[in-house]
Amino acid sequence: MKETRLSAAYGSWTSPISAASLTEKTVQLSEPRFDGEVIYWLESRPQEKGRNALVRLHDGVREDLLPAPASVRTRAYEYGGGNYAVHHQFVYLVLDADQRVYRLDTIHHTLQPLSPEGPYHYADFCVDEQHQQLICVREDHSQTGQEPVNTIVALALDGSQQVHVLVSGADFYSNPRVSPDGKSLSWLSWQHPQMPWDGTECFIADFTDKHALATPVKIAGSMQESIFQPEWSPAGDLVLVSDNSNWWNLYRWTRNNPQLDPLCNREAEFATPRWVFGMSTFGFLDATTLLCCYSQHGRWHLAYLNLLDKNLHTIACDLTDISAIHCRAGKALLLGGNPQRSTSLYLYDHATRTLTTLAQSAQQTPDAAYLSQPQPVSFPTQDNEIAHGFYYPPHNPDFTAPAESKPPLVVMCHGGPTAATSSTLNLKIQFWTSRGFAVLDVNYRGSTGYGRRYRDRLKHNWGVTDVIDVCSGADFLIAQNLVDENKLAIRGSSAGGYTVLAALTFSKRFTAGASLYGIGNLETLTQDTHKFEARYLDTLVGAYPEEKALYLARSPLYHIEQLQCPVIFLQGLQDKVVPPNQAEAMVKALTEKGIPNAYVTFPEEGHGFRQAKNIERAIEAELFFYSKIFGFALSESITPVHITHLEH
């Protein structure tokens with residue numbers, strides 16, 4: 001840190017948080033698992049082209065179980081998750097290269113295929129020891145020109161590669177789990193146009209033999225009730241999360257009481273949207289104690305629940321974001337972070353109420369002096385409601401800005417749109433604040449964490465309510481004299497990219513935008529995306545083609561005459577969720593209109609950037625773009641981006 005602060009324009013400050021620091025010595029941690037005292041997890045490594053490495057910690061020794069370039073990743077439902085399970089020193093996993101299921105013998109280091117070759121994707125594994133089979137969700141892509149068919153199947157553990165369908169008929173399945181006595185199977189299912197956070201149904205059926213189930217019994221859920229993570233307790237009851245009270249709360253089902261028994265009534269969320277398989281917000285420390293996490297007012301908390309007296313006890317810790325809980329014998333694995341630390345893997349010991357760090361997503365954390373601290377904000381919207389977010393002021397101890405100047409603002413729109421931002425240390429945010437940008441990370445209406453009614457405010461209002469909220473957030477900061485109203489940027493990826501383009505088109509609040517694999521034509525998306533989201537817009541916009549006019553009215557591409565400010569587009573050319581034609585159509589229209597724009601493509605990337613060089617290039621390109629649009633000097637050397645129709 002310098003003795004004397006230098007004066008420099010906002011945006012041009014020299015920062016120790018470089019684009020390279022976003023990926024070097026960083027990984028994305030996921031899916032921690034116990035197998036006895038042995039611990040497993042996955043690391044997505046940008047420096048290894050985004051491969052998911054399977055890591056084991058045994059007797060204090062950490063090792064990769066599969067050599068590069070082997071990657072443990074399923075493509076089921078496109079977003080994947082639930083990539084592996086571990087049971088008695090065997091790991092059951094999907095290899096990204098061929099999407100087949102394998103059994104890894106961790107003692108003899110042998111890999112045996114359990115599923116046949118073919119156009120199939122598997123996920124969400126559960127070992128059925130009694131019947132010697134692996135139960136999972138299968139996505140069958142063998143019918144050309146048709147939607148893939150999803151089922152729950154059993155794979156023989158003897159290596160014969162036999163596959164038996166156990167459950168079929170619904171559009172989607174998840175969470176197949178065998179009861180402790182091995183006699184029953186539970187699962188979730190849902191139908192188009194529902195998404196799992198809109199409405200799911202939980203079923204239980206008894207095995208009649210290893211390959212057949214009795215008539216399923218629905219125990220919870222409906223088209224208007226979302227069920228999350230049905231999990232068998234050691235006592236043989238089924239614990240799950242339901243939002244039938246507006247909040248995702250914990251409930252218990254028992255065989256002698258078919259009615260769901262509320263375990264904890266609280267205005268808090270004990271679940272989060274099920275975008276990927278294998279998500280977990282609770283587990284069983286023992287027969288009478290459940291460890292869980294819950295969200296209130298944008299912050300996550302750790303707690304344990306006594307299943308006998310139903311008392312919830314919050315555990316004191318400094319984590320503000322918690323997920324991926326996995327328990328065994330009084331201990332738990334979980335992922336967590338806070339504004340000073342990026343996500344880490346922790347071991348929780350219930351006897352001592354202590355957390356021990358096992359692995360970190362970032363091996364190097366910037367000097368805390370350079371970190372901008374998130375400030376939770378709730379602000380009035382233009383239609384007289386309330387929206388939420390986190391405000392990050394510009395911060396760098398080495399610099400100050402000229403008197404009377406105000407910082408440019410970057411408004412961030414998370415994806416989903418049914419997702420939520422958090423306050424965990426995010427170097428992509430600190431990249432901006434340490435250079436002199438203010439950042440507003442918005443949890444617009446439709447985000448999770450604030451109850452179902454808040455989440456449902458975006459239904460049939462996508463492109464309206466979210467646009468009102470991001471504009472209202474910018475207005476809120478302008479009114480407090482915190483940002484330069486002439487230097488307002490908005491950025492977002494995927495569904496957040498649509499909010500960006502809609503806000504730039506249907507409002508005049510922003511002066512620049514960045515769309516990362518965002519949507520410009522809602523109608524095209526209904527015809528050119530994967531099955532999981534094929535009918536998502538039915539609830540976000542309206543039924544198609546019956547309400548085609550609404551799709552056209554809310555598609556920025558069809559109202560390009562209203563879009564008057566510069567935009568940069570960043571796009572993976574292998575993206576199957578939001579195909580490149582979305583960005584290309586917008587670029588073509590803006591170019592023909594004479595509006596400055598830039599188009600940066602990444603040939604090897606899909607939906608989301610995984611490779612280090614591409615992550616770095618994307619954020620540097622965006623910074624270069626803003627420097628030209630807002631007219632400040634760069635403090636670092638960046639490969640220029642071609643900006644069409646730029647006059648200065």
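This is a predicted model: local features need pLDDT of at least 70, side-chain atom pairs count only at pLDDT 80 or more; totals for chains, interfaces and linings use all residues.
**Exercise 1.** Find which residues touch the most other members of the largest nonpolar core.

Solution. The core in question has 99 residues. Within this core, L250, W462 and F510 touch the most other members. Helix α4 (residues 495-506) supplies the largest share of the core, seven residues. Another core, of 40 residues, lies apart from it and includes I429, Y517, L570 and A598.

**Exercise 2.** List contacts of L250, leaving aside its neighbours within four places in sequence.

Solution. Among the residues in contact with L250 are V239, L240 and V241. Further along the chain, the contacts of L250 include F270, F282, L290 and L305.

**Exercise 3.** Classify the aromatic pair of F282 and F284, and decide whether each residue is buried or exposed.

Solution. The ring centres of F282 and F284 are 6.1 Å apart, with 85 degrees between the planes. Planes over 60 degrees apart count as edge-to-face, so this pair is edge-to-face. Buried means under 20% relative accessible area. F282 has 2%, so F282 is buried; F284 has 11%, so F284 is buried too.

**Exercise 4.** Work out what the pair of F437 and Y626 ties together.

Solution. The ring centres of F437 and Y626 lie 6.1 Å apart and the planes are at 50 degrees, so the pair is tilted. F437 is in the loop between α1 (427-433) and β35 (438-443), and Y626 is in helix α9 (residues 612-630). The pair therefore ties together parts 189 residues apart in sequence. F437 is buried at 0% relative accessibility, and Y626 is buried with a relative accessible area of 0%.

How values were computed: Residues are numbered from 1 along each chain as its sequence is written. Side-chain values use heavy atoms; hydrogens and water are left out. A nonpolar core is a set of buried Ala, Val, Leu, Ile, Met, Phe, Trp, Tyr and Cys residues joined through side-chain atoms within 4.5 Å. Buried means under 20% relative accessible area, exposed over 50%, partly exposed in between (1.4 Å probe, protein chains only). Helices (H or I, at least four residues) and strands (E, at least two) are DSSP runs, numbered from the N terminus. Contact means heavy atoms within 4.5 Å. Rings of Phe, Tyr and Trp (its six-membered ring) pair if their centres lie within 6.5 Å; planes under 30 degrees apart count as stacked, over 60 as edge-to-face and the rest as tilted.
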